[in-house]
Structures are given as C-alpha cells and as structure tokens.
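Trainee: I would like to learn how to read a fold from its model. Can we go through it feature by feature?

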Amino acid sequence: RELLDLITAVLDMSRLEAGRLPLEVTTVRVQDLLTDVQTDTLTLQEQAGLAFVWRVEEPLPLLQTDARKLKIVIKNLLSNAIKFTEQGTITIEAKSWEGGVEIRVQDTGRGIPPEALAQIFEPFYQVGDGDPRGPGGTGLGLSIVQRLVTLLGGQIRVQSTVGSGSAFRVWVPVKIPEVQGKALSQS
C-alpha cells in the first residue's frame, strides 16, 4: 500500500510539474463539496477516535473551480490532521474571505516545529523524518496540496504551535484567473 501511495503521489507530482493536469472548471457549492468530503472520509474519521467539527458559514459564494482538485486538497489536509493528532479535535471550517472562500483545517495534534514550517511544502520532506514512531507517508502530500492550490489560483498558509496543533488555511478565489493568457476550458 505504501509503495502504491508513493507511485501515485510521484505521478501526480510529475503531472503537476509538467503542466499536464488539466482543470475541469465547474460551478461548485462549497457546502456540498464539504458534505461530500465528510461522507467520503467517514470511515477514516470513525477509526481516528477524534472529535470532528464541521462549520460552514452561510451563505458562501459559488465558486468557478475544479471540484475534484479542491476535494483532493481538503482530504489531504484532513488526512494529515488525523495522522498527526492522537487525541482531541479536528475542525473544518469554510467562510467567505476577500473575493473567495477560505477553508481551514485545524487540529489539536503535535504541531510543527518553527524550523520545519519553511520546508513542509518541499517534495519528500517529512517533519520528524527518521523517527520510527512517526506516522509515515510519502512526504509528497503537502507539496501536491500547495501546487493544486496554486493551480486553482489560491493560496495556502499554515500556523502551528508544537504541542498544540496546526491550522492550514486554503483560500480559493470565486473564479480561477486565466492561466498564461489562455482561458481555461470549462465543463
């Protein structure tokens, strides 16, 4: 399973870097997208034994974006939050923010050391790399997340305190800007 995850992540990364990951822009209702993510990850949530809080501000603007890629971003952040939280709460929130929507995934996990924050989006970098008790993984998830968010015209920020948890904030615009002077194809 780990080998398959690594191969899939490397292929996704190479497609992103080569610009061969086309956007499928549709009208996205963030409330529905988060409900889908919540349903898709229900087994993972139940196995984690953590408290999950889902908050969605109403009304949120409709987005013209790639729903599949935005789901990948949120699922990856949620999966990481679960992986690095032994007890406590994971909160997923969405709110209107500066011409778009901000989706925040916050946990009460182990947190990220300040010296690691500058590197967490680098391919193959893992916090606590070499720790045999660590949660494992490919070290590509956050790198892929950052590239997908950028592809969607958005931004990602992280705040973290060791021992108290982390908050990843993804902002996506209401409409993806034109890429390199070309309008994106819409589905």
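Trainee: How are α2 and α4 oriented to each other: parallel, antiparallel, perpendicular or oblique?

Mentor: Start with the angle between the axes. This model is predicted. Here α2 and α4 pack at about 50°, and their axes are 10 Å apart. Angles under 35 degrees count as roughly parallel, and 65 to 115 as roughly perpendicular. The pair is therefore oblique.

Trainee: What is the handedness of the crossing where α2 passes α4?

Mentor: The crossing is right-handed.

Trainee: Which residues make the contact?

Mentor: Read each side in turn. Helix α2 uses Leu-33, Leu-34, Asp-36, Val-37 and Asp-40. Helix α4 answers with Ala-67, Leu-70, Lys-71, Ile-74, Lys-75 and Leu-78.

Trainee: Now the sheet. What is the strand order?

Mentor: List the strands by position in the sheet, then look at the pairing. The order is β2-β4-β5-β7-β6, in an open sheet of five strands with mixed pairing. Residues 51-56 form the edge strand β2, and residues 155-161 form the other edge, β6. Each of these two pairs on one side only. On average, neighbouring strands are turned by 10° against each other, direction ignored.

Trainee: In what sense do β6 and β7 pair?

Mentor: Antiparallel, over seven bridges. Strand β7 covers residues 165-173.

Trainee: Which strands does helix α2 lie across?

Mentor: Check the strands under a helix, then its direction. Helix α2, residues 30-40, lies across β2, β4 and β5. Its run is at about 165° to β2. Helix α6, residues 141-151, lies across β6 and β7, at about 140° to β6.

Trainee: Which residues of α6 are buried?

Mentor: They are Gly-141, Leu-142, Ser-143, Ile-144, Val-145, Leu-148 and Val-149. After α6 comes Gly-153, with a positive phi near 85°.

Trainee: What does Leu-77 touch, leaving out residues up to four places away in sequence?

Mentor: Its partners are Val-105, Leu-142, Val-145, Ile-156, Phe-168 and Val-170. Two of these, Leu-142 and Val-145, are among the buried residues of α6.

Trainee: Is Leu-63 buried or exposed?

Mentor: Read the relative accessibility; buried means under 20%. Leu-63 is at 0%, so it counts as buried. This residue lies in strand β3, residues 63-65. Beyond four places in sequence, Leu-63 touches Thr-26, Thr-27, Val-28, Val-30, Leu-70, Val-101, Val-172, Pro-173 and Val-174. Also check the C-alpha distances. Leu-63 and Lys-175 are 112 residues apart along the chain, yet their C-alpha atoms are separated by 6.0 Å.

Trainee: And is Gln-47 buried or exposed?

Mentor: The cut-off for exposed is over 50%. Gln-47 is at 63% relative accessibility, so it counts as exposed. Its place is in helix α3, residues 42-48.

Key: Residues numbered from 1 in each chain as written. Predicted model: local features only at pLDDT ≥ 70, side-chain atom pairs only at ≥ 80, totals over all residues. Heavy atoms only, no water. Pairing = 2+ DSSP bridges. Helix = DSSP H or I, 4+ residues; strand = E, 2+ residues; numbered from the N terminus. Axes fitted to C-alpha atoms, helices over the stretch in contact; angles between N-to-C directions. Contact = heavy atoms within 4.5 Å. Buried < 20%, exposed > 50% of the residue type's maximum accessible area, 1.4 Å probe, protein only. Parallel < 35°, antiparallel > 145°, perpendicular 65-115°, else oblique. Left-handed = near helix turned anticlockwise from the far one by under 90°.
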